[in-house]
Amino acid sequence: MPRIAVYLLSTCFVSFIGAGQIVAQQQPEAASQQPQVKVNMLNVCTPSAEEQKEIASALARIPKQPLFDADFEVSRGRSTLTELPALLQAGQPGHVAGEPSVASYVRIRREFSVQAMFSSVQYSFSNDGVNMIETLVLHVRDPKDLIQVSLEDSASSVTSSETMLISNTPVTRVRLERFGKPSVALARCQETAAGPAPNQSAYDPLFRSASEVLTNYRGLLGIKKVVPEELAKINAQSKSNVPPTSKLMRPKEPQK
């Protein structure tokens with residue numbers, strides 16, 4: 001009996017060692033099967049010559065006198081930002097107020113006719129009390145390489161929205177979303193703590209072409225008239241929802 005007990009114990013010990021070796025061999029294999037994360041960094045300040053050609057080609061294909069369908073959409077509203085933007089959470093410099101940021105926005109959408117390369121165009125205007133931002137996005141109908149073209153500009157809210165729209169604020173960012181490929185972008189870059197602003201004079205024709213597109217679509221979509229009217233409706237509705245302070249602050253009279 002003692003010999004049998006010793007034999008069983010040694011057999012279990014050998015089995016345990018063998019299982020440990022199998023697990024140790026499987027761990028590197030499992031680690032190698034983990035999905036790899038690929039990060040694409042956009043060179044928005046100094047895009048390559050090939051990327052400049054793509055931007056120029058996409059801007060040139062945007063119709064100057066498009067044929068719109070009868071369908072359209074105009075929406076307005078207010079949006080409250082209660083959390084820090086992702087870029088600021090990552091540690092990038094920026095000023096964030098202690099209270100949530102509230103932005104008023106207006107959106108306009110029009111559909112192109114079926115023979116157009118682009119299926120729709122969407123314009124948006126937002127004002128958060130610090131900055132006003134315009135964005136024009138054109139969606140491709142049959143995306144094989146290019147998916148959409150996005151143009152953006154901004155201005156300080158010290159001025160009024162009417163003044164910004166009348167002055168035809170130039171575009172400061174162009175972005176191409178591509179199918180199965182990284183995006184292509186070009187932006188006006190300012191001086192930072194890391195160094196001076198880069199020389200972007202070579203990209204002036206692209207910025208000028210993008211600004212001409214946005215100026216043209218401001219007229220086609222009636223932006224200079226529609227946006228101020230919709231913003232006025234937002235302000236009027238916001239004021240009507242606030243109860244009179246006199247009723248809230250009036251103290252009760254003491255009982256005699």
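These notebook entries record what I looked up in a predicted model of one protein.

**Entry 1: Overall layout**

I began with the elements of the chain. The protein contains seven helices and seven strands. Along the sequence I read the pattern α-α-β-α-β-β-β-β-α-β-β-α-α-α. I then looked up burial, and found that 27% of the 256 residues count as buried. I also looked up contacts between residues at least 6 apart in sequence; 61% of these join residues at least 24 apart.

The seven strands form an open sheet in the order 1-2-3-4-5-6-7, and their pairing is antiparallel. Strand 1 (68-81) and strand 7 (184-187) are the edge strands, since each of them pairs on one side only. On average, neighbouring strands of the sheet are turned by 15 degrees against each other, direction ignored.

Strand 6, residues 173-178, pairs with strand 7 over four bridges in the antiparallel sense.

Which helix lies across strand 4? I found that helix 5 (residues 204-220) does, and that it runs at about 90 degrees to strand 4 (131-140). Helix 5 also lies across strands 1, 2, 3, 5, 6 and 7.

I checked the length of helix 5. At 1.5 Å a residue, its 17 residues should span 24 Å, and the C-alpha atoms at its ends are 24 Å apart, which agrees.

I then listed the buried residues of helix 5: Leu206, Phe207, Ala210, Ser211, Val213, Leu214, Tyr217 and Arg218. Viewed down the helix axis, the buried residues fall within an arc of 155 degrees, so they line one face of helix 5. On the face of helix 5 turned away from the buried side, I found the exposed residues Glu212 and Gly219. Just after helix 5, Gly222 takes a positive phi of about 65 degrees.

**Entry 2: The disulfide**

How many disulfides does the model have? I counted one disulfide. This disulfide joins Cys45 to Cys189, with an S to S distance of 1.9 Å. The angle about the S-S bond is -100 degrees, and the link is left-handed. The pair links distant parts of the chain, 144 residues apart. Cys45 is in the loop between helix 1 (2-32) and helix 2 (49-60), whereas Cys189 is in the loop between strand 7 and helix 5.

Are the two cysteines buried or partly exposed? Cys45 counts as partly exposed because its relative accessibility is 22%, and the cut-off for buried is under 20%. Cys189 has a relative accessibility of 13% and therefore counts as buried.

**Entry 3: Around Pro198**

Finally, I looked up Pro198, which lies in the loop between strand 7 and helix 5. Pro198 has a relative accessible area of 31% and is therefore partly exposed. Which residues does Pro198 contact, leaving aside its neighbours within four places in sequence? I found Cys45, Thr46 and Cys189. Cys45 and Cys189 are the two residues joined by the disulfide. Pro198 and Thr46 are 152 residues apart along the chain, yet their C-alpha atoms are separated by 8.0 Å.

Notes
Residues are numbered from 1 along each chain as its sequence is written. This is a predicted model: local features need pLDDT of at least 70, side-chain atom pairs count only at pLDDT 80 or more; totals for chains, interfaces and linings use all residues. Side-chain values use heavy atoms; hydrogens and water are left out. Two strands pair if DSSP finds at least two bridges between them. Helices (H or I, at least four residues) and strands (E, at least two) are DSSP runs, numbered from the N terminus. Axes are lines fitted to C-alpha atoms, for helices over the stretch in contact, and angles run from 0 to 180 degrees between N-to-C directions. Contact means heavy atoms within 4.5 Å. A disulfide is a pair of cysteine sulfur atoms within 2.5 Å. Buried means under 20% relative accessible area, exposed over 50%, partly exposed in between (1.4 Å probe, protein chains only). The expected span of a helix is 1.5 Å times one less than its number of residues. The arc is that of the directions from the helix axis to the C-beta atoms.
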